[in-house]
Amino acid sequence: TLVFFQINYLKIILVALIAGIISNFIMIPITTKTTLWLFRKGHDPDNIMGPYITTMGDILSVVSLLVGMMVV
């Protein structure tokens, strides 16, 4: 990667680390609060949370990667 893209390995690791931290700090509270809210409303969270979390995780991880690249 250093020869072709002029990026050393430390920058790649930092981008992934920053993106993971940002994504987890946002997704964990959203997942917990949404699951509890659905349970209180009488829905089965197992049926709803799978597609919801995967979609939110995909969107948020891409945004987190972009933020991580801007930071590094």
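Here is the chat on the fold, the helix packing and a few residues.

Colleague: What kind of model is this?
Modeller: It is a predicted model.

Colleague: How many helices and strands are there in the chain?
Modeller: Three helices and zero strands. From the N terminus on, the order is α-α-α.

Colleague: What box do the C-alpha atoms fill?
Modeller: Roughly 55 × 15 × 15 Å, along the principal axes.

Colleague: How much of the chain counts as buried?
Modeller: 17% of the 72 residues.

Colleague: What about contacts between residues at least 6 apart in sequence? What share joins residues at least 24 apart?
Modeller: That share is 59%.

Colleague: On to packing. What do we need in order to describe two packed helices?
Modeller: The angle between their axes and the distance between the axes.

Colleague: So what are the values for α2 and α3?
Modeller: Helix α2 covers residues 9-40 and helix α3 covers residues 45-71. They pack at about 155 degrees, and their axes are 8 Å apart. Because angles over 145 degrees count as roughly antiparallel, α2 is roughly antiparallel to α3.

Colleague: Is the crossing of α2 and α3 right-handed or left-handed?
Modeller: α2 passes α3 in a right-handed crossing.

Colleague: Which residue classes make up the contact of α2 with α3?
Modeller: There are 20 nonpolar and eight polar residues. The contact has no charged residues.

Colleague: Which residues in α3 are buried?
Modeller: Pro45, Met49, Gly57, Leu60, Ser64 and Gly68. The cover over the buried residues of α3 includes α2.

Colleague: Take Ser64 from that set. What is its relative accessibility?
Modeller: Ser64 is at 1%. The cut-off for buried is under 20%, so Ser64 counts as buried.

Colleague: What is Ser64 in contact with, neighbours within four places in sequence aside?
Modeller: Ala19, Ile22 and Ser23.

Colleague: Now Ile48. Which helix is it in?
Modeller: Ile48 is in helix α3. Its relative accessible area is 34%, so Ile48 is partly exposed. With neighbours within four places in sequence set aside, Ile48 is in contact with Leu38 and His43.

Colleague: How far is Ile48 from Ser61, C-alpha to C-alpha?
Modeller: 20 Å. Ile48 and Ser61 are 13 residues apart along the chain.

Colleague: How far apart in space are Trp37 and Ile26?
Modeller: 17 Å between C-alpha atoms. In sequence, Trp37 and Ile26 are eleven residues apart.

Colleague: Last one. What separates the C-alpha atoms of Ile26 and Pro45?
Modeller: 19 Å. Ile26 and Pro45 are 19 residues apart along the chain. Pro45 is one of the buried residues in α3.

Conventions
Residues numbered from 1 in each chain as written. Predicted model: local features only at pLDDT ≥ 70, side-chain atom pairs only at ≥ 80, totals over all residues. Heavy atoms only, no water. Axes fitted to C-alpha atoms, helices over the stretch in contact; angles between N-to-C directions. Helix = DSSP H or I, 4+ residues; strand = E, 2+ residues; numbered from the N terminus. Parallel < 35°, antiparallel > 145°, perpendicular 65-115°, else oblique. Left-handed = near helix turned anticlockwise from the far one by under 90°. Nonpolar A, V, L, I, M, F, W, Y, C, P; charged D, E, K, R; others polar. Buried < 20%, exposed > 50% of the residue type's maximum accessible area, 1.4 Å probe, protein only. Contact = heavy atoms within 4.5 Å.
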